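Here are my notes for you, written as numbered points. Keep the structure open beside you while you go through them.

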Amino acid sequence: MTETDREAPAGIIADIPLALSFDWRWKLAIAFAGALVLLLVFGMAQPVLFGIGVWGANVPYVWGFDLVNYVWWIGIANGASLFAAILVIRRHDLRTSINRFAEGVALFAVICAGIFPIMHLGRPWLFYWTFPYPATFEVWPQFRSTLTWDFWAISTHVIVTTLLWYTGLIPDLATLRDRSRSLRSKTVFGLFALGWRGSVRHWAYHQTAYRIVAALVLPLILIMQSTVAFEFATTLVPAWHDTRKPLHFVVTGIASGLATVLFIAIMLRRGLSLERYIDDEDIELMAKLLLAASLVIAIIYLEEAFTSVLSGPLAQETLLARLFDQFAGAYWAAILLIVVAPQVLWFERARSSLLVCALASASVLVGVWLDRFSIVIGGMQGDYLPSVSGTYLPTFPEWALLGGTLGLFAGFLLLFVRFLPVISMFETRHAEHGDGS
Amino acid sequence: MSRAYGILAEFDSADGVVAAIRAARAAGYTRLDAYSPFPLREAADLLEQRTLIVPVIAVTAGLVGAAIQYYAQYWMNAVDYPINVGGRPLHAWPAFLPAAFIVGILWASAASLIGMLALNRLPRLHHPLFDAPGFERASQDRFFLCIASDDPKFDRAETIRFLERMNAGRVQEVAA
Amino acid sequence: MNKYDAYRTDFAALTGQQGPRLWRSLEELADTPEMRRFIEAEFPYINEARTDRRTFLRLMGASLAMAGLTACGDPTVAPLYSQPRGNWADALGQASTFASLLDLDGYGRGVLVETRNGRPVKIEGNPLHPASLGATDVFAQAELLSLYDPDRSQGAFYNGKDVDDRAAPRVLAEARAAFAPGGEGVRILTGPVTSPTLRALISAMQREYPAARAHEYSPIADDNSRAGAVLAFGRPVQAVHDFSRADVILTLGADPFGDMEGHVRHARDFADRRRAAHSGGMLPRLYAAESTPSLSGARADHRAVLRPAEIGFFARAVASRLGVVQDGPSDVHPMVETAAADLSRAGSNALVVVGREQPAALHALAYAINAALGASGTTSRYIEPLTAAETGHMASLAALAEDMAAGAVSQLLIIGGNPAYDAPADLDFADLIRRVPVSIHLGLYRDETAAAARWHLPRKHALESWGDGRAFEGTAGIRQPVATPLFDAFSDEEALALFLGADTHDGNDIVRTYWRDALGAADFEQSWTAILADGVVPNSAAPALDVSLQPDWDQQLPSEALPGLTVLFAPDPSVWDGRYANNGWLQELPRPLTKIVWDNAALIAPATAETLGLKTGDIASFNAGGRSLLAPIRLMPGHALETVTMPLGYGRRAAGRIGTGVGFNAYALRTSHAPWIATGVEVVRTGEAHALVTTQDHHGMEGRDIVRIVAPDQAVETPSTEPQPSFYPDYAYEGHAWGMTIDLDTCLGCNACVIACQAENNVPIVGRDEVARGREMHWLRIDRYHAGDVEDPDTYFQPVPCMHCEKAPCEVVCPVNATVHSSEGLNEMVYNRCIGTRTCSNNCPYKVRRFNWFDYSPPDPEPRNPDVSVRPRGVMEKCTYCVQRISAARIDAKLEGRRIGEELMTACQQACPTRAITFGDINDPASAVSRLKASPRNYALLGELDTRPRTTYLARVANPADPEGSG
């Protein structure tokens with residue numbers, strides 16, 4: 001291997017965080033993200049100050065955008081972590097290029113998701129009552145509730161994702177420590193590098209622990225996503241009361257995670273000119289995975305219709321309501337965007353076009369959001385008593401929360417690409433050294 | 001001069017350092033350690049670095065965590081403050097399982113990562129090696145072998161010579 | 001002023017002169033040395049403890065009770081109380097209950113008013129009063145809110161400008177000073193007067209001022225039946241119907257259970273007879289021939305949808321089958337045969353009832369039929385008219401208007417009522433009022449009439465003033481104040497007394513004086529005490545008159561001539577004639593059949609609407625006789641063709657912050673010569689639209705078993721009930737286990753339970769916009785379903801409170817244990833534990849849970865039940881089975897060392913006119929609820945979900961005559 005070969009990875013990737021030059025595109029982007037975060041602040045202040053009546057929710061539509069967005073974000077988070085974890089375990093080549101920011105995506109997404117379970121409460125400032133602490137009421141949380149399960153799931157997810165991400169970062173932080181010219185960055189990176197020396201012992205334990213956590217992420221993600229589904233499946237609501245819901249949520253979640261990762265990959269590759277690390281094969285491989293996911297979702301949708309037909313009159317009515325009633329648009333648009341649109345990726349030329357891939361992944365993301373909408377809102381249409389009726393219309397504060405979390409996500413990502421190595425440098429070295437497997 | 005931490009030899013290739021390790025073992029050195037910018041399987045094997053302890057920690061912690069979570073749920077809902085909730089059993093074991101499972105995973109992953117740091121004696125922000133000129137490239141593109149001064153076979157001059165024979169780059173003594 | 005001052009002063013006023021002394025005497029007593037010694041003996045710690053006033057008073061109250069000192073020592077205090085302990089209870093902040101009287105168009109309904117510390121907090125029916133028998137209608141319940149209405153007139157004004165509050169006596173005196181000799185030009189306009197005291201005052205006036213005239217007017221008056229009586233019997237008598245003896249009932253455009261005077265009693269008698277029938281006996285059969293769907297029509301076994309004009313022909317056809325008249329039209333409607341057959345079979349137990357809209361001749365015809373069937377004396381009897389005896393209301397008002405137009409009126413005193421708003425449009429009454437030199441309006445609100453009159457004086461609310469009145473069948477009841485007047489105001493009697501310069505103008509004196517004379521001075525005090533406690537004057541029911549048909553009773557029915565649509569005017573089920581327009585409870589109360597809130601709409605048959613190219617929400621212009629009116633349309637299944645029903649009482653211009661500008665004013669089309677049925681109305685669609693807000697827009701039951709209907713003596717077929725294997729243990733409920741049954745066979749959908757629940761449980765109103773968003777807060781809703789063809793559907797009502805499921809799905813999904821089960825099987829909400837995930841509502845298949853999307857808690861001043869916490873923003877709430885009443889009952893039972901018995905009633909149960917709701921202990925096999933749950937008609941709503949609801953329903957019984965018309 002040549003000098004440049006070894007120099008390179010540490011070189012280009014490490015120089016991004018170390019060079020404190022922020023070009024105008026980055027500044028523009030972060031400014032836009034900041035503006036959206038202000039929108040988020042507004043969106044969060046409204047319900048806290050005046051009550052969640054500022055939303056379009058009502059009885060029976062007690063849940064609106066709050067849950068739609070939550071389920072959407074958590075799906076992205078789970079999909080991304082699952083993807084990253086699988087790459088680590090399989091020691092797949094993609095991991096060199098994808099892992100680091102895939103884990104980042106998961107972390108930022110779960111943070112965005114975590115906002116909603118708190119904000120959707122009638123009294124958000126009391127969210128901590130779901131945590132078992134010796135309260136003056138002397139009453140404990142109610143552990144039979146799927147919402148309590150979800151409390152544990154989200155907290156676990158945040159912690160584990162953060163640990164996994166940070167562990168992966170430690171060796172690279174050491175690299176940054178050792179490369180940084182200014183004392184300040186040396187100190188900062190040095191602190192977070194924890195004194196990593198890259199000794200044989202370090203590497204051995206590090207790699208084992210890293211892989212174990214990655215392995216643990218798999219079941220965590222599956223049960224986490226299922227727990228979200230249980231919040232619906234365990235209710236009596238005809239459209240939700242359905243054992244197949246976890247499957248639906250997991251599959252669509254993975255697709256949205258994949259789509260996000262692919263989308264971000266393309267952005268990074270263009271934005272930071274990382275063609276060498278995120279090469280065409282990586283992109284094409286992910287495009288194929290996305291295509292596969294969308295085919296699986298096609299099956300899931302068919303299966304949903306099929307089981308509903310078998311599940312008796314009420315379930316049939318509620319499905320028909322989702323298909324043809326006031327929120328039918330969301331259902332069909334979801335199918336169009338998740339199932340139909342990605343079929344373009346069958347074509348070599350489409351897969352090799354960054355633009356097409358970006359559009360395809362964006363379409364899946366929007367589609368999955370609409371799928372959540374169709375389940376949470378559209379599913380509320382058919383109830384046991386015909387006298388119970390009504391409708392739901394999202395209000396501006398609700399849109400503000402959606403846009404705001406998007407801004408928050410983008411903001412995190414932008415800071416991440418600016419201050420941390422977006423590609424795992426040691427993995428890259430490893431791969432290029434050829435000792436990959 | 002003060003007591004040395006050890007002798008540090010720099011190599012510019014993984015193969016170089018691996019060879020050096022092999023030779024050092026052959027020469028009977030026992031207190032060795034190698035430093036590389038990415039994991040070196042062979043080096044680990046040569047130094048007989050065991051890692052089985054990590055999964056053991058993970059599994060144990062996971063089981064303990066799950067048990068604690070399950071019992072906490074049972075105790076809070078069925079023992080300490082039993083309430084008739086929707087006519088469900090006080091000890092609703094199926095409903096207590098998911099959280100127990102999740103929290104088990106939490107403990108397992110947290111334990112394995114914290115355990116990893118502990119086993120690596122990290123965080124340790126200062127270490128004699130950091131004073132060695134050029135050692136910063138251990139995290140980038142150079143490979144190092146260090147023979148500790150408390151090695152029974154350690155002899156300053158002899159060890160330096162030995163390492164130089166390994167066509168290492170710079171060989172230097174690291175102050176403790 | 002703080003609460004304590006409030007109840008002290010209230011109490012003072014309640015107890016007349018004695019009150020304040022008694023109150024002070026509490027403290028004085030407490031300060032007397034022996035009292036001190038006594039208290040220190042009983043409560044040694046009282047001196048160490050720096051007890052605040054409240055605690056001290058409580059201790060003292062207790063000790064006084066122990067000391068055996070009774071509160072009833074003072075005879076002038078006791079009579080005010082149904083419960084002599086009341087005044088002590090007030091000191092303890094406990095409930096004291098007063099018997100009083102509320103009137104609707106003059107007809108009294110006896111009530112019991114519960115007060116806390118001198119503030120009325122709840123109104124119930126007076127079981128001793130014939131028009132109530134313990135139940136109430138929606139209006140009686142809502143009077144509580146009107147009492148506290150901040151928009152009430154709080155002071156006199158002159159030409160719209162505020163004047164000194166104490167101006168009233170001077171104003172009335174000056175007016176009297178200007179009386180012409182003999183009272184020429186002096187006029188008094190009241191609502192319908194059944195009050196003996198007020199009558200006495202009026203006749204006193206006419207003795208003193210022979211030329212003065214008194215007029216009575218109500219927009220909702222029964223002039224036609226009176227005129228019909230004149231045709232039939234040659235004298236104006238008033239019919240009193242007795243449904244307790246009616247086996248076959250035919251209503252001709254009438255709603256005896258909905259808006260006819262005595263409707264509460266009618267409903268109760270009808271229901272009792274049905275219940276009796278379920279345990280053997282004849283099940284009463286109800287035939288309804290009507291143009292507008294009504295509560296009675298919804299309950300009918302047979303219903304004929306007829307245009308207003310056709311109802312007359314229908315009646316004649318029936319009459320001819322019964323041989324009452326010779327020439328009867330044939331094949332008017334298939335129901336004629338069966339109805340006639342049934343009526344003749346029932347004979348003296350048959351009853352024909354005619355609506356107040358119908359022409360006099362039809363009323364006469366009905367009297368004749370009842371007479372021919374021998375029903376007079378059994379199911380209907382005749383008494384001297386209780387109101388507007390000689391002329392009838394509309395004529396009385398028209399006469400007054402004539403005089404005013406002619407400038408013959410110099411002093412006009414308008415007592416109550418709002419003629420400037422609700423007089424027929426052709427009289428242009430507001431303008432006439434302005435022409436009168438001295439016009440004085442005594443009213444609860446500064447309304448349209450107040451604006452037109454020169455002087456406006458604030459009127460006392462019924463709950464603040466002394467008075468009396470007669471029930472629909474003549475029984476006199478006494479109205480005693482239950483709260484001190486919130487503002488410096490006058491009752492009708494007081495104002496009239498001032499106007500006439502009577503020697504006393506204190507309401508108490510006036511009423512007492514009248515009754516002392518009426519009852520005779522001998523041991524008056526004792527009898528008066530008893531009367532006040534009971535609220536009714538014993539055996540004061542009007543004697544039945546012996547009337548006989550006139551030979552020439554049969555008059556030609558007016559036949560519809562004019563082309564175009566017919567407009568029917570009707571009192572609104574919520575705001576009546578407009579007097580309750582500013583009452584939020586009533587405005588937000590879904591109208592029984594349309595479920596519209598905060599609005600009225602022109603009801604029209606779907607077929608007719610189609611031909612006119614109209615749909616629900618379209619605004620149409622109605623033109624007749626040069627007058628025109630814009631009104632939104634609401635398609636009404638089962639409405640007569642080419643006919644429009646317009647609810648009165650909306651479109652107020654000066655009702656208050658709640659009622660002003662709500663809906664359209666149907667009076668604008670009303671004329672004095674055709675006050676009920678306007679023919680030849682032209683309808684033009686404007687293209688404009690108006691969003692009508694309803695709480696239920698869905699009509700059908702989707703073929704699900706929601707409201708069950710069975711044949712007489714038939715059982716509900718329920719899914720097999722053998723226990724399925726289950727993860728869930730059966731919890732044992734030792735002690736009490738509360739449960740409820742709702743009898744869909746007797747439920748009329750009248751809404752009394754809904755508003756009673758609202759009053760009892762501090763349920764807030766949320767306003768039109770919030771209801772439009774689906775955020776109404778009623779803990780108890782009444783679902784309305786239609787079945788059958790849209791031309792003439794069956795209509796079912798189903799009250800839906802919380803079912804208190806034993807396997808409550810809502811509880812198990814709550815993450816914080818905020819909704820849990822009580823040891824007696826209540827599904828409880830812990831408001832202060834709730835964090836508002838709303839997932840419980842998701843999991844409630846009945847969707848009875850309500851969420852505080854904003855801070856809805858009612859603002860002061862508003863009646864609040866101190867036993868029920870006001871819910872903060874962001875928490876869930878729902879029906880509690882009136883847990884506060886259960887606790888109160890438990891305390892009483894413990895004090896008296898017994899089990900809780902049937903005296904425990906939920907608010908909805910207590911208000912229900914038909915006793916359709918039964919609540920009690922299902923662990924006690926002897927309890928009423930247990931017996932009803934054993935009935936073959938008992939079923940659980942959505943029972944297939946196995947949520948084990950504690951609230952179950954009794955199937956409705958359909959009792960149609962079989963085709964041959966044999967019973």
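1. Let's start with chain B.

2. Some ground rules before going on. This is a predicted model, where local features need pLDDT of at least 70 and side-chain atom pairs count only at pLDDT 80 or more, while totals for chains, interfaces and linings use all residues. Residues are numbered from 1 along each chain as its sequence is written, chains are lettered from A and ligands numbered from 1 in the order in which they are written, and side-chain values use heavy atoms, with hydrogens and water left out.

3. How confident is the predictor? pLDDT is its confidence in each residue, from 0 to 100. Chain B averages 89, and 99% of its residues score at least 70. Within chain B, helix 3 (residues 53-80) has the highest confidence, at 95, and helix 2 (residues 41-46) the lowest, at a mean of 85. (Helices are DSSP runs of H or I with at least four residues, strands are E runs of at least two, and both are numbered from the N terminus.)

4. Chain A also averages a pLDDT of 89, with 95% of its residues scoring at least 70. Watch residues 1-9 of chain A, though: pLDDT stays under 50 there, and the model has 21 contacts beyond four places in sequence for them. Where pLDDT is low, the predicted coordinates should not be read in detail.

5. Now look at where chain A meets chain B. Contact (heavy atoms within 4.5 Å) involves 58 residues of chain A and 68 residues of chain B. About 5,600 Å² is buried between these chains, and carbon and sulfur atoms give 69% of that. Buried area here is the accessible area (1.4 Å probe) that two parts lose on being put together, summed over both. A:R144, A:R197 and A:Y205 supply 16% of what chain A buries against chain B, more than any other three residues.

6. Helix 7 of chain A gives the largest share, 17 residues.

7. Next, the interface of chain C and chain A. It takes 50 residues from chain C and 49 residues from chain A. The buried area is about 4,100 Å², with carbon and sulfur atoms giving 56%. C:R833, C:N842 and C:R873 supply 17% of the area that chain C buries against chain A, more than any other three residues.

8. Across the chain C and chain A interface the rule finds three salt bridges. Have a look at A:D66 and C:R838, whose side chains meet in a salt bridge at 2.8 Å, N to O.

9. Finally, the whole structure holds 76 salt bridges over all chains. One to find is C:E337 with C:R321, at 2.9 Å, N to O. This pair links distant parts of the chain, 16 residues apart: C:E337 lies in helix 13 (residues 335-346) of chain C and C:R321 in helix 12 (residues 308-321) of chain C.

Key
pLDDT = per-residue confidence, 0-100. Salt bridge = Lys/Arg side-chain N within 4 Å of Asp/Glu carboxyl O.
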